[in-house]
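Have a look at the fold first, then read on.

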There are 2 protein chains.
Amino acid sequence: MRSSRKRHARALFMMIASLALTTRPAIALAEEDAKPILGFSSGSTRPQFEAEKTALAVPSPENARRWLRTLTAEPHVAGTGPDYKTAVFVRDKLREWGWKADLVELKVLLNYPNPNSFSGLSIDGEEKGLPITEPAIAADNDSGSSSAFGGFHGYSASGSAHERVVYANYGRPEDFTALEKMGIDVEHKIVLVRYGAIFRGLKVQNAQKHGAAGILIFSDPADDGFAKGEVYPAGPYRPGGAIQRGSVQFLSMGPGDPSTPLGPSVDGAERIPFDPVKGLLYDDSWAKRTGIAKEDYLALIPSIPIGYDAAHAILKKMSGPVVPAGWQGGLPLTYHIGPGSVRVSMEINVYYAITPIWNVIATIPGSESPERWVMMGNHRDAWVHGAVDPSSGTAATLETCHALGEAVKKGWKPRRTLVYASWDAEEYGLVGSTEWGETNAKEIDEKAVLMLNVDSAVSGHELDASGVPSLRDLFLDAAGSITDPRTGKPLSEGWIAAKRTAWAADAPLVLADPVWGGDVPGGGFTPQLGTLGSGSDYTVFVDHLGIPCLDSGFKGSYGVYHSAYDDFHWMEKHGDPGFLTHAMAARLYTLIVMRAAAAPVLPFTFTPYAAAMRSHVDELRLHEAKRLRKNESPSTEAFEGQPALIEAVKGFTREASSLDAALKSVALRDDLKPEQLAPLNDALTRVERAFLLEPGLAGRPWFKHAVYAPGLTTGYGAWPLPAIRQVLEDPKSAKLAAEVDRTVRSLQKATAALHKARDQATTLTPR
Amino acid sequence: MRSSRKRHARALFMMIASLALTTRPAIALAEEDAKPILGFSSGSTRPQFEAEKTALAVPSPENARRWLRTLTAEPHVAGTGPDYKTAVFVRDKLREWGWKADLVELKVLLNYPNPNSFSGLSIDGEEKGLPITEPAIAADNDSGSSSAFGGFHGYSASGSAHERVVYANYGRPEDFTALEKMGIDVEHKIVLVRYGAIFRGLKVQNAQKHGAAGILIFSDPADDGFAKGEVYPAGPYRPGGAIQRGSVQFLSMGPGDPSTPLGPSVDGAERIPFDPVKGLLYDDSWAKRTGIAKEDYLALIPSIPIGYDAAHAILKKMSGPVVPAGWQGGLPLTYHIGPGSVRVSMEINVYYAITPIWNVIATIPGSESPERWVMMGNHRDAWVHGAVDPSSGTAATLETCHALGEAVKKGWKPRRTLVYASWDAEEYGLVGSTEWGETNAKEIDEKAVLMLNVDSAVSGHELDASGVPSLRDLFLDAAGSITDPRTGKPLSEGWIAAKRTAWAADAPLVLADPVWGGDVPGGGFTPQLGTLGSGSDYTVFVDHLGIPCLDSGFKGSYGVYHSAYDDFHWMEKHGDPGFLTHAMAARLYTLIVMRAAAAPVLPFTFTPYAAAMRSHVDELRLHEAKRLRKNESPSTEAFEGQPALIEAVKGFTREASSLDAALKSVALRDDLKPEQLAPLNDALTRVERAFLLEPGLAGRPWFKHAVYAPGLTTGYGAWPLPAIRQVLEDPKSAKLAAEVDRTVRSLQKATAALHKARDQATTLTPR
C-alpha cells in the first residue's frame with residue numbers, strides 16, 4: 001500500500017516537473033523590449049541577460065525536491081547532531097558549485113526538553129494527562145519520528161504550577177487590561193492564551209508581569225485549524241493534535257543569544273551565568289548593565305504550547321464570565337474567562353547548556369568591488385523536520401547558489417562579492433545571524449550593500465515580499481522578469497494586483513490632505529513592500545546595522561507551522577506538489593542577487609521610501625487622532641512635533657526625487673568607468689546607515705533604526721518610526737519632543753546622504 | 001421545586017422594582033436649568049415639565065411585567081384566536097386609560113403550516129428525520145406550548161425536493177456569483193444558507209433565481225449561537241435546537257399583503273387569485289400590471305428555517321470544495337460547498353387563506369390642531385410568544401399610552417391628536433401597517449406630523465435609535481431628560497458615547513475634502529440616528545408616504561429571535577430581569593410623544609439632515625471609487641452627475657442652517673398665537689413629503705423616498721439615495737443621469753420647502 005502510493009506521488013511529480021520545463025521563465029520578454037534592467041545601461045544589460053539566462057536554466061523542481069528530502073530527513077533542532085549534518089550537507093553542496101564555503105561554529109545558550117523527565121500537563125480529577133506530543137499519522141512516515149522533541153518552548157523556564165486557569169485571549173497587553181477591568185486577577189493562576197496577533201514570547205512576558213504562575217499557549221481552530229480549511233493529512237491545515245513549538249524569547253527587546261546581552265557570543269565573551277535547570281541567573285547587576293529589568297528580559301514562568309484538542313479539554317471545564325466580544329475562538333463551546341474551580345497541573349522540565357551551533361558562510365568574490373557584499377541568508381535549523389520552515393528556503397536558496405555558481409562557471413563576473421549565509425538557531429531567537437552580525441558588525445557596516453533574507457520560501461504559491469522601500473524596484477524588476485508557470489504572467493503582476501485589490505477595498509475617499517499639500521506623493525495607489533518587523537534573520541542587519549533588507553517567499557494554506565507535520569509529505573501533498581514554486585522562488589532570488597551584484601549603479605530608488613514615510617507618519621497621526629477623539633472636543637488631531645516630522649519627510653522627498661532622476665540618467669550611460677561609479681554606489685549604500693540612532697530606542701537600545709523596528713508589544717509586527725510610536729503608546733516611556741527631534745535628525749541625516757549621492761551622480765563626467 | 005423557584009424570581013423582581021422607584025428619572029435636572037425644551041418657549045416649557053412629571057411617574061416595571069405576562073401567555077401568530085385576544089386586551093386597556101380605541105379588521109392573505117401533514121426534513125440513509133420543531137426546556141413552561149407552530153416561513157411556497165445540497169454562505173447575490181465562479185451549479189440543488197447579512201426573503205429570491213429546488217436557512221453559531229455567549233436556558237443566546245421563523249416575502253420589492261399589489265386590502269379590492277396549497281397564482285398579466293416579474297415577486301421554491309444542530313448534521317455529510325474565506329461558520333468542522341453525493345429530502349406543506357387580522361387604532365384628540373397627528377405604532381403579532389419581538393414593545397408602549405392617558409386626565413392638553421396603532425401581521429411582511437397606510441394614505445399625508453415606531457422595545461439595555469435626521473434632536477432632547485437607573489446618567493450620554501467610540505475607531509484622518517469645501521459640515525463627529533432601511537412598520541410611513549419616522553428600542557444579548565424561546569421566562573431571566581428597562585423605554589417614548597404633540601413649534605431640525613446627506617453622498621462616492629480603482633489608472637473617482645448632486649446638497653445645507661436658526665428664535669417667543677404657528681408647522685411637516693419621487697424607484701415603484709429605502713439586495717439595510725445607488729449597483733437597471741437628475745430635483749423641492757418654512761418663520765409678528 002504505502003509503496004504504491006509513493007510511486008503514484010512520484011509519477012505526479014514528474015508530470016508537473018516536466019510541465020515546468022516547458023513553461024520556462026520568459027526572460028525573453030524583457031530582452032525583446034531591450035528595456036535596460038534597473039541600474040544597468042543598455043550596453044551592460046545585454047551580457048547580463050545572457051548570464052541570467054544561463055543561471056535561470058539551472059533551478060529545477062527536481063533538484064529542489066531532492067534538497068528538501070535530504071534536509072528534512074530528520075528533525076534538526078539547532079545544536080543537535082542532525083543539525084550539524086545539514087550544515088555539512090549545505091557546505092559541501094556550495095563547494096561543489098564553486099563557492100568558498102565554511103562552517104562557522106558559535107557557542108550559544110540553548111535549552112532542550114529534559115530527556116529524563118520532561119513535562120506533564122493534566123486536569124485535576126482526570127486520569128489521563130493532556131497530550132503534549134503529537135500523534136503519528138499513518139500516511140506520513142516522518143510524522144512519527146522518534147527523535148522529534150515534544151511540544152516545548154525555546155528559552156522557556158522550567159517549573160511547575162497547579163492552579164486554576166484564566167483565559168486571556170491572545171495574551172496582549174490590552175487583553176490583560178481587559179481582564180483587570182473585569183475584576184479578574186491572573187495572579188497565581190495558569191493563563192491560557194491562544195496563538196496569534198503577537199509574538200509568543202511577549203505573551204509569556206505579559207502573563208508573568210501580571211503574576212501568572214504559568215502559561216499554556218494553544219492554537220485555536222478559528223485562527224489556525226479546521227475553521228481555515230481541511231486539516232492534515234486530508235488538507236493543509238492544523239489538526240487538533242498539532243503543536244506549535246517556538247521560542248518564548250522577548251523578541252522585541254532584542255534577539256540573539258540571551259546569555260551575551262552586551263555583545264557577540266565569541267570565545268571569552270562575558271556571559272550571564274546560568275543554571276542547567278533554572279536557566280539564566282540574571283540578577284540586578286545585569287539589569288543595570290543592560291538597562292532591562294529581569295521580567296522584561298526573560299521568561300520566568302513555565303510555559304508550554306498545546307494543540308486545540310488539549311485546549312478544548314481545558315476550556316470545557318472552565319467557568320466564570322463569558323468572554324468579551326472578539327475573544328471567542330473556534331472551538332464548539334462558549335469560551336469562559338475562568339477561573340472556575342477546576343485546576344490544571346503543569347510541569348515543565350527543560351535544561352540549559354552552552355551548545356555549539358553552525359552557520360555556513362560562503363562567498364564568490366566580486367570582480368570589481370570585492371569589498372562590497374551582496375548577501376543572501378536563510379536559516380537551516382528547524383523545530384522538527386521543518387519542510388516549510390525553513391527547509392523550503394534552504395532548498396530554494398541552494399538552487400539559487402547552484403545557479404549563481406553555474407553562471408560564474410560560464411563566465412559571469414559579479415562586480416560585487418556574493419555572500420551566502422546558512423544560519424543556525426534562528427528558531428531560538430535569530431541566534432546564528434545575530435551573533436554573526438554582532439561579531440562582524442564593523443566589516444558588515446563597511447561592506448554590505450544589501451541583504452536578501454529568505455525564511456520559509458514556499459508554503460504555497462502566493463508571492464509575498466517585505467523590505468526597506470528603497471529595494472522595492474529591484475524586487476519588482478526581478479519579479480517582472482520571472483513568469484509564473486501557473487498563470488503565464490510575470491510574478492510582479494499578481495503581486496501588484498493583490499496590493500491593488502487590498503488598497504481598493506480599504507482606502508477611504510481620496511481627499512486633499514492639507515498637512516502634506518502637494519509635496520509628497522500619497523493618497524492614490526502605491527504598491528509597497530511589506531514593512532519589516534522582526535521574527536527572521538534580517539533583524540540584526542536592518543535594525544541593528546542599517547543594512548537594506550528584503551525578505552520574500554511564497555505563501556499559502558499553511559497549517560502545520562512549527563509542528564511535527566511540517567514535513568516532506570506535507571509539502572509534496574499540499575504545499576508544492578510539483579515543486580514548481582520552489583524552482584520559481586530560486587529563480588526570483590537568483591535575479592535579485594545577480595542584478596544587485598552586477599549592476600553598475602546600485603538598483604536603489606528612494607521615492608518609494610518617501611511615499612512609505614508619508615504613510616508611516618499618517619499611521620502615527622491616525623493613532624494619535626484616535627486617542628484624542630475620545631475627548632469631547634479635541635482642539636487638534638496632531639501630536640507634539642508633528643510639523644517638524646512632516647517637514648523632514650518633505651525634505652527627504654525632494655532629495656529622493658532628484659536623486660532618483662539623477663540615477664536614472666547615470667545608469668543609462670555606457671561611458672562611465674567602475675572606479676567612477678564606486679563613490680556613487682558607496683554613497684547610495686550609506687543612506688540606510690544614516691537612519692541609525694545613537695543610542696538606540698528607549699528601553700531597548702539594541703534597536704537603532706529610526707524608521708523600522710518590531711513593535712514593543714507585537715514582536716513580529718512593525719512599528720514604523722518606532723522612537724515616536726513608543727512614546728505615543730506609552731507616554732511615560734520617554735519625552736515625545738525629544739524622540740520626535742532625534743527621529744527628525746536621523747531623517748535629515750538620510751536626506752543629506754541622498755544629497756551627497758546626488759552630487760556624486762551629477763558630477764560624473766566620461767573619462 | 002418549580003413554585004419555590006417562582007417565588008424566588010418574584011422576590012428578586014420586587015427588590016429590583018423598588019430600587020427603580022428610588023431612582024426616579026431625573027426630569028428635575030432639566031427643570032433646574034430651566035433650559036427650554038426643543039420647540040418650546042420658556043413660557044410653555046414650565047407647564048410641559050409639570051405634565052411630563054405626572055406622566056413619567058406612571059410607567060412602572062411591575063405594570064410592564066404584567067402586560068408582558070398577559071401578552072405572551074400564548075403563541076399569537078397573526079390572524080389566530082390568541083392574536084385576537086391580545087387585540088381585545090390592548091383595546092380594552094387603552095379605553096380604560098381614556099383613549100378612544102377600536103379594532104380595525106382587515107382581510108389579508110396569510111399562510112400557516114398545514115396541521116394535517118406539515119413538513120419533513122431528512123438526510124438520505126438516516127432513519128431519524130432532522131428536527132423542525134423545538135424541544136421544550138424544563139425550566140421554561142412556555143417553551144413547550146403545544147399550540148406553537150414548528151419552524152416555517154411566512155409566505156413560503158409548499159413543495160418538496162430530494163436533492164444534493166450546496167452551501168451558499170449568506171445567500172447574497174455575491175455568494176451566488178462566487179459559486180458560479182467556482183463552477184458550482186446550484187440548479188436543482190437544495191441550497192443551504194445561513195441567516196444574517198440580508199433579509200431572509202431575499203435569500204430565497206436569490207436561490208430561486210439560480211434555479212435551486214429548495215432552500216434551508218439555518219442559524220449559524222458564529223453569528224447567532226454559542227460563539228456569542230452562553231445559550232438558553234443558561235444564557236441568553238441561541239441553543240442548537242432553536243429555530244428562527246420569519247417571513248420570506250421579498251421585502252425590498254414592497255411590503256404588505258402580497259395578494260393586493262395595486263392598493264390596500266379593503267373590501268372589494270382587486271386580488272391576485274390564489275390556491276390554498278400553491279399560494280398566489282401570479283401570472284404574466286399580473287407581472288405586467290405590477291412591473292415586477294414573478295420570480296422577483298414571490299417565493300416559488302420550498303423553504304424552511306432550521307437550527308444549527310440540524311445544519312450540523314447536514315454539513316457533516318457534505319463534501320466538495322472547502323468554502324472560501326469568510327464563509328466558514330462556527331460549527332466544529334470545515335465547511336464544504338458541496339454538492340457531495342448525499343441527498344436531503346424536504347417536504348413543505350403550508351396552506352394559504354384570506355384571514356382577518358386586527359389593528360387596534362386609538363386616539364386622544366388634540367386641543368389646538370386636532371387635524372394633526374403625532375403617531376406611535378407597534379406590532380402585536382408574534383411568531384410564537386414573542387416576549388421581545390414584539391411584546392416588549394407592546395408592554396412598553398402600553399405603559400406610554402397609560403402615562404399619556406394619565407397626563408390628559410390630570411389636565412395636560414396635547415395640541416395635536418395622539419394616534420396609537422397596534423399593528424397586526426407585521427411578521428408576515430408589515431401587513432397591518434402597510435394596508436392601513438395604503439387605505440388611509442390621503443388622510444395620513446394631510447395629518448401625520450411624525451411617527452414613532454417601536455418594534456422590540458427591550459432585548460437588553462443598550463439604547464438604539466434610527467430615524468430621519470430631522471428627528472435627531474427631538475430624540476436627543478427626550479433621551480437627555482431620562483436618567484438610566486443603571487448608570488445614573490441621562491440616556492443620551494451613553495448613546496452619544498457609543499456613537500463617538502465607533503466614530504473614533506473607524507474614521508480616517510480628518511482631511512480637507514475639495515469636493516465639499518467648507519460648505520457642508522462633515523469629517524468630524526456628528527452623532528446621527530441610524531439609517532432607516534426596512535423590516536418594521538415605519539416602512540409605509542417613511543418610504544411610501546414621506547412621514548418623518550423614528551424607531552427606538554433597547555438592545556442586548558438576544559439569541560432567541562423568532563424562536564419558541566423568545567418568551568416571558570427568557571425576558572425575566574435574561575432580557576430585563578427587573579423590568580427596569582421596559583419602564584425606562586415607556587418613559588422615553590412618553591417624552592418623545594408628549595413633546596411632539598405639545599410643542600408650539602414642531603421639534604424638527606434640518607442641519608442634521610444636511611450632514612447626513614453629505615455622508616450618504618460620500619458613501620456613494622466611495623462605492624463608485626472602489627469600483628473604479630480596479631482599473632489600472634482611473635482618471636476620476638467620481639460618478640456621472642456627482643457635481644450636480646453635491647450642489648443640491650449644498651443648497652439644502654444653506655437653507656437648513658438658516659431655517660434652524662429661524663426656528664430657534666421663533667420657538668423662544670411667547671408672543672405668538674397657535675393660529676400663527678400653524679402655517680409654519682405645516683410647512684415643516686411638508687419638508688419630508690418633498691423627498692417623494694413620482695414614479696417611485698426603478699423596478700419597485702412602491703418605494704418613493706429619494707433619500708431612504710431598503711437596499712434592493714439587503715432588505716433590512718438601507719441604501720441611502722436609493723435611485724442613484726440602484727444604478728451604481730446595477731448599471732443596466734436604469735440611466736444614471738436620469739436617476740441623479742430626479743434625485744437632485746427632489747432635494748431641490750425639499751430645499752424649497754425649507755425655504756418656505758423659513759419665510760413663514762421670519763415673517764411672524766406678535767399679535
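Two residues count as in contact here if their C-beta atoms, placed from the backbone, lie within 7 Å. Helices (H or I, at least four residues) and strands (E, at least two) are DSSP runs, numbered from the N terminus. This is a predicted model, where local features need pLDDT of at least 70, side-chain atom pairs count only at pLDDT 80 or more, and totals for chains, interfaces and linings use all residues. Residues are numbered from 1 along each chain as its sequence is written, while chains are lettered from A and ligands numbered from 1 in the order in which they are written.

**Helix 7 in chain A**

Helix 7 of chain A (residues 200-209) is mostly covered, with nine of its 10 residues buried (20 or more other C-beta atoms within 10 Å of a residue's own; 12 or fewer is exposed, in between is partly exposed; C-beta atoms are placed from the backbone). Among the buried ones are Arg200(A), Leu202(A), Lys203(A) and Val204(A). What do the buried residues of helix 7 of chain A pack against? Their partners in chain A are these:

| Element of chain A | Residues |
|---|---|
| Helix 6 | 173-181 |
| Strand 5 | 190-194 |
| Strand 6 | 214-218 |
| Strand 7 | 246-247 |
| Helix 10 | 294-297 |
| Strand 10 | 303-306 |

Just after this helix, Gly211(A) takes a positive phi of about 85 degrees.

**The sheet in chain B**

Over in chain B, six strands make an open sheet in the order 2-11-4-5-6-10, with mixed pairing (strands pair if DSSP finds at least two bridges between them). Strand 2 (120-123) and strand 10 (303-306) of chain B sit at the edges, each pairing on one side only. Strand 4 (residues 159-167) and strand 11 (residues 343-348) of chain B run antiparallel over six bridges, and Arg164(B) has Arg343(B) as its bridge partner in strand 11.

**Whole chain and pair**

Chain A has 25 helices and 19 strands. Its radius of gyration is 26 Å, close to the 27 Å from the globule rule for 767 residues, so chain A is as compact as a globular protein of that length (radius over C-alpha atoms; rule: 2.2 Å times the number of residues to the power 0.38). Of those 767 residues, 58% count as buried.

How do the copies meet? For chain A, 100% of the interface residues are also interface residues in chain B, so the copies use the same surface.
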